[in-house]
Amino acid sequence: ISLARFVTDNNSFQYTSSTGEPVSGFDPGHISLSSLEIMIDSAYNRGSDISAVIGSLAFEERSGIKVEDLRGRLAMDSTGISIDGLKRQTARSNIQIDARAGSGITGMLPETPVSLKLGSSIHTDDIFIFYNAQQNVRATLADQYLSVNADTEGTVGELDINSLMVELPRRILFNADGVLRSVTSPDKINGNIRFDGTFRDIGFIKLMIPDTTTRNRIGFPSNMSMQGRAAIDGKVYSPELALLADSGRIDLKGRIDLGAETYDASMKANDFPLYKFLPSDSLGYATLSLYAEGHSFDPRKDGASADISLTVERFDYRSYPHTGLSLDALLADHKVTGTLASTSQAARFDFDLTGIISQQEYTGRLAGRIDTLDLQQMHLSATPLAAGIVLDVNASLRSDSTFSVDAALDSVRIAYGEQRQFIRSATIEADANRGQVW
């Protein structure tokens, strides 16, 4: 069957697959086209061979989508499927697609050749037809364009991502490239992806968060950038990321093996402005390093192990710079050992940590001394209030939901204004079982 030319003008089309009234915006269950104009320059069908050249396609959908011109060539034969020069244009948006896939695409055969070239510039008015954004989001992003461009080629078994770019001018620019292999076999998939991005004035993102409490707590710096890579080899993932915010920086690097249940990760932060992300939580800058490695995602299991080391050079809270804070912890053979210390002027302490983690119980002991704990200097008290203490706390949580804690306090020193109190020793004990405390 061959068709030299087909033209239809001023038609309508309706499709309904669900009950109820259509929702606002685009509703795939209620599609209604009007002013439908179709011009096909040529069409051919013989058995499984199909080809068509769309000279023009225009319509207006109930939601407000108005396609002024869609054209291109579609073909399917024994060699595969192709879309050549497919262009979709609305009053202010345009999309162009060139795609090819070999005949093995229906069975997702690894050797099947595939390629895709995508270029698009989409006006935010067209995006809001599909995404029902709040009015303040619409106002912030009014009369702007989102560009998405992609260039990929290769086979189903080995796909080269030559380039992927997403841009919202003056706000977001994201780029990625890499290669993925064995994408149809989740246990064997492997490859590398590289990415980078810049983000400016993206406060509009929090306007999209439905939870009011969360939306009011978070924030974003006016200038951020990131770069990194992610490698995958079956069940092994190895990400690296550098995030820069204003003058601060965080570097993350890790490796996780979901099959063997092993992991290691490191993080370094230098003058990172936490307050820009949580402006209502009395935070400031942070300079710290964290390293963790271990085996088993369940610390109660036999053979589980973990090694954690945290060093805080500076951590601002309520405008006080805490310095010299460190935590080291080790888990092996169900036993936990470690230390917790601080050399900050307003908070000087040194503790030893011990405990047991098993299927039957959690136990822990914190033993050491607080030389100085000055709440006024840390801006936690409006009046002079400081303390020092020798402390030994033991706690346990058993599988039958019973909980117990006992604390031995020695050489307790409390300074409140001009008053001084000294308590030679004291003991506190508590037990709990299913909501009862005694």
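## The largest pocket

A pocket, in the sense used here, is an open set of grid points with protein on both sides within 12 Å along at least five of seven lines, and its lining residues are those that have an atom within 4 Å of a point. In this structure, which is a predicted model, the largest pocket is lined by Thr124, Ile127, Phe128, Tyr131, Leu141, Leu146, Val166, Leu168, Ile172, Phe204 and Met208. The space in this pocket comes to about 190 Å³.

Two elements, H1 and strand S10 (158-168), each give two or more residues to the lining of the largest pocket, and H1 gives the most, with three residues. Sorted by class, the lining has 10 nonpolar residues, one polar residue and no charged residues.

Threonine 124 belongs to helix H1, which covers residues 124-130. Is threonine 124 buried or exposed? Its relative accessibility is 3%, and because buried means under 20%, threonine 124 counts as buried. When neighbours within four places in sequence are left aside, threonine 124 is in contact with Leu141, Ala142, Asp143 and Gln144.

Phenylalanine 204, when residues up to four places away in sequence are not counted, touches Val137, Thr140, Leu141, Leu168, Arg171 and Ile172.

In soluble globular proteins, nonpolar side chains tend to be buried together. Here the largest nonpolar core has 21 residues, and those with the most contacts inside it are Leu141, Ile172, Phe199, Ile202, Phe204, Met224 and Phe272. The elements that give two or more residues to this core are strand S11 (172-181), strand S12 (190-200), strand S13 (223-233), strand S16 (262-273) and strand S17 (283-295). Apart from it lies another core, which has 12 residues, including Ala346, Ala347, Phe351 and Ala407.

## The chain as a whole

The secondary structure of the protein chain comes to four helices and 27 strands. The chain has a radius of gyration of 31 Å, well over the 22 Å that the globule rule gives for 438 residues, so the chain is more spread out than a compact globule. Along the principal axes, the C-alpha trace spans about 100 × 50 × 45 Å.

Of the 438 residues in the chain, 29% are buried. Among the contacts with a separation of 6 or more, 40% are between residues 24 or more positions apart.

## Two residues with positive phi

Most residues other than glycine have a negative phi. Histidine 379, although it is not a glycine, has a positive phi of about 60°. Histidine 379 is placed in the loop between strand S23 (361-374) and strand S24 (385-398), and with a relative accessibility of 37% it counts as partly exposed.

Serine 411 is not a glycine either, and its phi is positive, at about 50°. Serine 411 is placed in strand S25, which covers residues 402-416, and at 28% relative accessibility serine 411 counts as partly exposed.

## Places along the chain

Serine 103 is found in the loop between strand S7 (94-102) and strand S8 (113-123), and at 46% relative accessibility it counts as partly exposed. Not counting residues up to four places away in sequence, serine 103 touches Ser78, Thr79 and Gly80. From serine 103 to serine 34 the separation is 69 residues in sequence and 36 Å in space, taken C-alpha to C-alpha. Aspartate 177, which lies in strand S11, is partly exposed, with a relative accessible area of 25%. Aspartate 177 touches Ile161, Asn162, Asn192, Ile193 and Arg194, again not counting residues up to four places away in sequence, while leucine 380, 203 residues apart from aspartate 177 in sequence, is 49 Å apart from it in space, C-alpha to C-alpha.

Which loop holds serine 358? Serine 358 is placed in the loop between strand S22 (347-357) and S23, and at 10% relative accessibility serine 358 counts as buried. Leaving aside neighbours within four places in sequence, serine 358 is in contact with Arg300 and His334. Serine 358 and lysine 335 are 23 residues apart in sequence and 8.8 Å apart in space, C-alpha to C-alpha.

Methods:
Residues numbered from 1 in each chain as written. Predicted model: local features only at pLDDT ≥ 70, side-chain atom pairs only at ≥ 80, totals over all residues. Heavy atoms only, no water. Core = buried A, V, L, I, M, F, W, Y, C linked by side-chain atoms within 4.5 Å. Buried < 20%, exposed > 50% of the residue type's maximum accessible area, 1.4 Å probe, protein only. Contact = heavy atoms within 4.5 Å. 1 Å grid on protein atoms, 1.4 Å probe; cavity = no way out; pocket = protein on both sides within 12 Å on 5 of 7 lines; lining within 4 Å. Points joined across faces, edges and corners; volume = space filled by probe spheres on them. Nonpolar A, V, L, I, M, F, W, Y, C, P; charged D, E, K, R; others polar. Rg over C-alpha atoms; globule rule 2.2 N^0.38 Å.
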